[in-house]
Amino acid sequence: MSERDAHASSVVPPGAVAGLSRRACLLATASLAAPAAWLAAPQAAHAGGQLEEPLMDSVRTALSSAIANQAPPEPEFFTTEARLHYLRWLGTQSDRLRRRKPEWEVRRDFLQTVWYESKRAGLDVSLVLGLIQVESGFRKFAVSSVGARGYMQVMPFWTRVIGDGDAGKLFHMQTNLRFGCVILRHYIDREQGNLFMALGRYNGSRGRSPYPDAVFGAQRSWAFADRPAGAPAA
């Protein structure tokens, strides 16, 4: 299945731009550009980077399993309402993502995988989408100045940590999203649930506010308030 991606930028809230280094300035500038500028945007990303550290066996196992998966996972639902909730979420987010990923099949596979990997790792899907927006602007082949790769800007050393060592696999959609979600979950656990500190650790800027503030700001763009068909508006 095609995985072509249109170039896009991140939307960073005005209050978060001031302390955000060259990377955030580029993203903020791109968000104001005309649609043609998305296609002309460079492939480089300017994210920070995770730091290499010892991992628990459960984290190693979760990362290793991602290497073998080659197709977007199919979410499973135990009730009709759960499936309908997912479909409403998919439709809403697909409309929001259309400018960045014009092809329906690409959007569907991407959002389906983000949903699956976020839920698998026990993460808020809107948080993961906000992180992707800030880290890569939804560009599959984004590479940062420190070598972080893909949608969630995963550092290549993670592939070495699990014994594979092929950093090119971080450009595979499911592998990148699985790695990113497992790593973020790992950092949240390390920080005892403190999202602010965990996001800073993910970006290599632990304890500093610009990056977490940018992710939280972007997360608001992906919030989803479900309302079943026929339900009255609040």
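Modeller: A contact here means heavy atoms within 4.5 Å. In the protein chain, residues 24 or more positions apart account for 67% of the contacts with a separation of 6 or more. This is a predicted model, in which local features need pLDDT of at least 70 and side-chain atom pairs count only at pLDDT 80 or more, while totals for chains, interfaces and linings use all residues. Residues are numbered from 1 along each chain as its sequence is written, and side-chain values use heavy atoms, with hydrogens and water left out.

Biologist: How do you know what pLDDT the protein chain averages?

Modeller: pLDDT is the predictor's confidence in each residue, from 0 to 100. On that scale the protein chain averages 78, and 66% of the residues score at least 70. Over residues 1-43, though, pLDDT stays under 50, and the model has 73 contacts beyond four places in sequence for them.

Biologist: What makes a stretch count as a helix or a strand?

Modeller: Both are DSSP runs numbered from the N terminus: helices are H or I with at least four residues, strands are E with at least two. The protein chain has 11 helices and two strands, in the order α-α-α-β-α-α-α-α-β-α-α-α-α.

Biologist: What makes a group of residues a nonpolar core?

Modeller: Its members are buried Ala, Val, Leu, Ile, Met, Phe, Trp, Tyr and Cys residues joined through side-chain atoms within 4.5 Å. The largest such core has 44 residues, of which F110, L129, I132, M152 and Y202 touch the most other members. Among the elements giving two or more residues to this core are helix 6 (104-121), helix 7 (125-136) and helix 10 (195-203). Helix 9 gives the most, with eight residues.

Biologist: Why is helix 10 described as enclosed or open?

Modeller: Seven of its nine residues are buried, so helix 10 is largely enclosed by the rest of the structure. Those residues are M197, A198, L199, G200, R201, Y202 and N203. They pack against helix 7, helix 9 and helix 11.

Biologist: How do you know at what angle helix 7 and helix 10 pack?

Modeller: Axes are lines fitted to C-alpha atoms, for helices over the stretch in contact, and angles run from 0 to 180 degrees between N-to-C directions. For helix 7 and helix 10 the angle is about 35 degrees, with the axes 13 Å apart. L127, L131 and E135 of helix 7 make the contact with L195, L199, Y202 and N203 of helix 10.

Biologist: What makes N194 a cap?

Modeller: A polar contact is a pair of N or O atoms within 3.5 Å; within protein, one must be able to donate a hydrogen and the other to accept it, and residues adjacent in sequence count only if both atoms are side-chain atoms. A side-chain oxygen of N194 lies 3.1 Å from the backbone nitrogen of F196, capping the N-terminal end of helix 10. Just after helix 10, G204 takes a positive phi of about 75 degrees.

Terms used:
Buried < 20%, exposed > 50% of the residue type's maximum accessible area, 1.4 Å probe, protein only.
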